[in-house]
Amino acid sequence: MAGLAYLVANLVFDYALLWATGRLHGRPAVPSRLALGAWIGAATFTLLPPVASPALLVLSCLAVSWLMIAAAYRVPGLRALGTLVATLWAVGCVAAGAGVAAQSLLEGAAPRAIGPVVSLVALAAVATVVRPRLAAAALARALRVRVVLRFERQRLEVVGLVDTGNRLREPVEGLPVILLDPDALAPLLEPALRDRLGRLA
């Protein structure tokens with residue numbers, strides 16, 4: 001009976017862990033695939049005998065993590081798969097650490113299930129709170145573009161920001177207007193024009 005309870009606890013935790021990992025990377029969650037990945041992890045860590053060698057244990061955990069991610073999500077390449085596995089481990093450590101800490105602090109004052117419950121709450125919190133910040137950071141990176149300026153024989157590379165505040169487009173190719181810091185143009189301009197731009201800014 002204890003073995004069955006441990007298997008169910010692992011299954012629930014692995015399902016939530018896979019869901020949180022996918023949510024952080026904006027990947028659509030398919031319940032059947034998440035369940036398959038959770039079963040792989042729960043069955044492996046519950047039914048397999050303990051491994052004596054620490055190195056072999058780490059390799060086994062990494063291999064199972066890769067299988068869990070591959071089963072739960074359609075990943076386009078090894079690099080994306082590795083990123084998801086790294087996120088899985090990071091989020092798992094945070095959630096497990098929160099559960100262990102709660103269990104230790106509330107030992108004797110709360111039910112034994114408080115640790116797993118806190119771990120699940122931590123997973124939900126990480127997926128809910130961190131995800132918008134990751135999305136905002138990714139959007140900010142996507143809106144920053146490299147701009148090459150040429151004036152006569154001079155060439156300068158600067159970073160510009162795509163203007164999403166309006167729908168202005170440049171007339172030659174119809175591309176969105178890019179905002180540049182006036183100071184970025186300074187090396188290409190004559191001193192008089194540079195001073196004039198400084199006064200306008």
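Modeller: Axes here are lines fitted to C-alpha atoms, for helices over the stretch in contact, and angles run from 0 to 180 degrees between N-to-C directions. This is a predicted model, in which local features need pLDDT of at least 70, side-chain atom pairs count only at pLDDT 80 or more, and totals for chains, interfaces and linings use all residues. Residues are numbered from 1 along each chain as its sequence is written, and side-chain values use heavy atoms, with hydrogens and water left out.

Colleague: Are α3 and α4 roughly parallel or roughly perpendicular to each other?

Modeller: Helix α3 spans residues 54-72 and helix α4 residues 78-105, with axes 9 Å apart. Their packing angle is about 110 degrees, and 65 to 115 degrees counts as roughly perpendicular (under 35 is roughly parallel, over 145 roughly antiparallel, the rest oblique). The two helices are therefore roughly perpendicular.

Colleague: Which residues of α4 meet α3?

Modeller: Contact means heavy atoms within 4.5 Å. On the α3 side are Cys61, Leu62, Ser65, Trp66, Ile69 and Ala70. They meet Leu78, Leu81, Gly82, Leu84, Val85, Leu88 and Trp89 of α4.

Colleague: Is Cys61 buried or exposed?

Modeller: Buried means under 20% relative accessible area, exposed over 50%, and partly exposed in between (1.4 Å probe, protein chains only). Cys61 has a relative accessible area of 14%, whereas Cys93 is exposed at 52%. Cys61 is therefore buried.

Colleague: How many disulfides does the structure hold?

Modeller: A disulfide is a pair of cysteine sulfur atoms within 2.5 Å. By that criterion, the number of disulfides in the structure is zero.

Notes. Helix = DSSP H or I, 4+ residues; strand = E, 2+ residues; numbered from the N terminus.
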